[in-house]
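Hi,

Here is the structure I promised to pass on.

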Amino acid sequence: MIVCDKHVVGPWVSKRINGSWNPNMAQTIGWESEGLITAGVIYENWNGVSMMVHIAVDKPMTKTFLMRIFGYAFTHASKLIAPVAQSNERSIRLIEKM
């Protein structure tokens with residue numbers, strides 16, 4: 001089930017990426033399965049052309065979730081920036097597949 005409450009999804013993603021975020025300057029989309037958030041995205045720093053995207057995933061993403069996160073992103077920007085630590089090979093593979 002899609003969850004858009006940024007005060008639920010934002011902290012969940014932020015904790016998993018060891019980052020911080022400003023709920024007043026960001027939007028979020030999450031996926032809930034069996035009462036738990038299992039994937040989420042924070043969109044921030046939108047400038048009319050590009051936006052920063054932070055993704056956290058605990059379980060495989062559904063087609064519905066992927067369609068929603070990309071639909072939102074490319075409705076609002078033509079370029080997505082997804083920062084990933086060079087040592088995080090799992091995230092690098094995920095971003096490359098996306």
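Below is what turned up, starting with the sheet and ending with a pair of rings.

Before anything else, keep in mind that this is a predicted model.

The sheet is an open one, built from five strands in the order β1-β2-β3-β4-β5, with mixed pairing. At its edges sit β1 (2-3) and β5 (79-81), each of which pairs on one side only. Further in, β3 and β4 (residues 50-57) run antiparallel to each other and share six bridges. If you want a spot to check by eye, take Ala 39, whose bridge partner in β4 is Val 57.

Now the helices. α2 packs on the sheet and touches β1, β2, β3, β4 and β5, with its direction at about 170° to that of β2. Helix α1 (residues 6-17) lies across β1, β2 (26-33), β3 and β4, and runs at about 90° to β3.

On to the aromatics: there are three aromatic pairs in the structure. One of them is Tyr 43 with Tyr 72: the ring centres are 4.7 Å apart and the planes meet at 45°, so this pair is tilted. That angle falls between the cut-offs, under 30 degrees for stacked and over 60 for edge-to-face. Tyr 43 belongs to strand β3 (residues 36-44) and Tyr 72 to helix α2 (residues 63-76), so the pair ties together parts 29 residues apart in sequence.

Cheers

Note on methods. Residues are numbered from 1 along each chain as its sequence is written. This is a predicted model: local features need pLDDT of at least 70, side-chain atom pairs count only at pLDDT 80 or more; totals for chains, interfaces and linings use all residues. Side-chain values use heavy atoms; hydrogens and water are left out. Rings of Phe, Tyr and Trp (its six-membered ring) pair if their centres lie within 6.5 Å; planes under 30 degrees apart count as stacked, over 60 as edge-to-face and the rest as tilted. Helices (H or I, at least four residues) and strands (E, at least two) are DSSP runs, numbered from the N terminus. Two strands pair if DSSP finds at least two bridges between them. Contact means heavy atoms within 4.5 Å. Axes are lines fitted to C-alpha atoms, for helices over the stretch in contact, and angles run from 0 to 180 degrees between N-to-C directions.
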